[in-house]
Amino acid sequence: MRFPAELRYTDTHEWLRQEGDGTVSVGITWHAQDRLGDLVYVENPPRGKILKRGEECGVVESVKAASDIYAPISGEVVSVNEELSSSPEKINQQPYEAWMFRLKPSDPAELPALLDAAGYERLVEAEPH
Amino acid sequence: MLDAIGVESIEDLFDEIPASLKAAPLDQVPPGLSEMQVLRLMQERAEADGRYLNFIGAGAYEHHIPAAVWQLATRGEFYSAYTPYQAEASQGTLQVLYEYQTMMCSLTGLDVTNASLYDGASALAEAVLMAIRLHRSSRRALVPRTLHPRYREVVQTIVSSQDIDLVEVPYDDEPGTISRSALAHFDKDFAVLVIPQPNFFGALESVHALTDWAHERQALAIAVANPVALALMAPPGRWGAQGADIAVGEGQPLGVPLASGGPYFGFMACKQAHVRQMPGRIAGRTIDADGRPGFTLTLQAREQHIRRSKATSNICTNQGLAVTAATFHLTLLGPQGLQRVAHACHANMLALLDRLKAVRGVQRRFASPVFHEAVLSLSAPASSVLGQLCEEGLLAGLDLGRFYPELEDAVLVCTTETKSAADLDHYVRSLAATLSAAV
């Protein structure tokens, strides 16, 4: 499944999932991991950091490129997926399971304003191949 | 050539550069010289340097270099001073870098080494930037006054435009080492402590306690080490309970001759956990598609040619030729050979200090143990004594007053393994004569 319907997306290829506890998980999309190739390193924001929407907050690195992760919405980093530091390949294997960090949103209006699956799919389709 | 590429003049090639940044017109660069003219010019310059008996170290050290080192380093296969860009086509070059890195890891006791930086001072600046990136919350670095003054200037120059605060830590006057009472003013409000070993005065710092002190405050510790001294002393990777995080230093003592300030090379090693923040190139060993062993440049994804303005550092090169010489130097000496060199340096300094006890007007300035350099206080102004000895063909030390106003009477003297007992006697006699004449 490349564009799960229950997620929200950004034009910088992050996905977001609303969790039951009020937090929002953030990862990178199938398309993003496909473009980067085999991931070898993930740098997450530190827990407790207050992020502003659009701010650089992490890096994913493959054998051929390193790409910035941008905060898709504003909020506090409440947890970080430590498993990725030893097993970054999980992102290639299951991009929508391998969340990078979870945010407690500070502005509830930001999430619904992001792309839905259909909108993100159109964006990806329109990219030059 | 200009016709062929379609420009009028050499100046046109630099059109890209805004006029406001150009310092002077190109016609101030002299015209080209023939090989014969260059040779003549260089011989004249070399002769102007004179032939002195040299007792100055202060960051650049005169060591014996086995003749085979440069015989090998200047072979056509190696004699390219530049970092390989079609890297994997140059397997021999990459293997040399890999061997160099392996030996430097063993010498520093740390997990990974890069393929070198420009020199010790700029390596330290890169290490400070690296530590600030790793620490993430503070942008303040503690830099002791016992660090080489030129290193402090270079670090200041490189980091000053990056909103990083360098704080000078004074030294204790009796031992000539980092003042622990001054450090007590800092709590968790800094990212990194720089620890020179030996320090600029030749004195040995309490590296274990200082490293632990920094780590207890969630800061990093950078070692600035003399690579020859490391043959005898605890490697930075084993300083304190957890080891220094990054070790840097000047690689010149490992097979690179003194040459009016360079080219030398800087080494840099760090813990595995920090490798993603280490600048520069790293050669790695791997296997090719057919399962054969080979060498490759690794961890390049954060370098400039891939990450552009977001690269870890603007350094994506190394000092290829100097490192090639260092690799052969270390290989020919071996661990025991390097230890014997270090022992001889240290023994010469102890012998010199012992002989100087009998000379009126000379005293040890600091009480700390030393490696191969020490500070002497003279009864006459250091600059005039040194100037007089220089006229007699003896470089008797560095005038410390040039860098430390409070040490106007002080001289930094160095002995390497190159000094014979007769050289030491000559030094003592000449200094004694000059001082007694000055009274």
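Guide: Let us begin with a term: a residue counts as buried if 20 or more other C-beta atoms lie within 10 Å of its own. Please keep in mind that this is a predicted model.

Visitor: Which residues point one way from β10(B), and which the other way?

Guide: The general idea is that in a regular strand the side chains alternate between the two faces of the sheet. Here, Gly266(B), Met268(B) and Cys270(B) point one way from β10(B), while Phe267(B) and Ala269(B) point the other way, and all are buried.

Visitor: Which strands pair with β10(B) in the antiparallel sense?

Guide: Strand β2 of chain B, residues 112-113, pairs with β10(B) in the antiparallel sense over two bridges, and there Thr113(B) stands opposite Ala269(B). β9(B) also pairs with β10(B) in the antiparallel sense, over five bridges, and the bridge partner of Ala247(B) in β10(B) is Ala269(B).

Visitor: Are the faces of β8(B) covered or uncovered?

Guide: Both faces of β8(B) are covered, with Leu220(B), Ile222(B) and Val224(B) buried on one side and Ala221(B), Ala223(B) and Ala225(B) buried on the other.

Visitor: How many bridges join β7 of chain B to β8(B)?

Guide: Six bridges join these two strands, which run parallel, and Gln197(B) stands opposite Ala225(B). Between them the chain crosses from β7(B) through helix α8, residues 207-216, to β8(B), and this β-α-β crossover is right-handed. β8(B) also pairs with β9(B) in the parallel sense, over three bridges, where Ile222(B) stands opposite Ile246(B).

Technical notes:
Residues numbered from 1 in each chain as written. Chains lettered and ligands numbered in written order. Predicted model: local features only at pLDDT ≥ 70, side-chain atom pairs only at ≥ 80, totals over all residues. Buried ≥ 20, exposed ≤ 12 C-beta atoms within 10 Å, placed from the backbone. Helix = DSSP H or I, 4+ residues; strand = E, 2+ residues; numbered from the N terminus. Pairing = 2+ DSSP bridges. Right-handed = clockwise from strand over helix to strand, strands pointing away.
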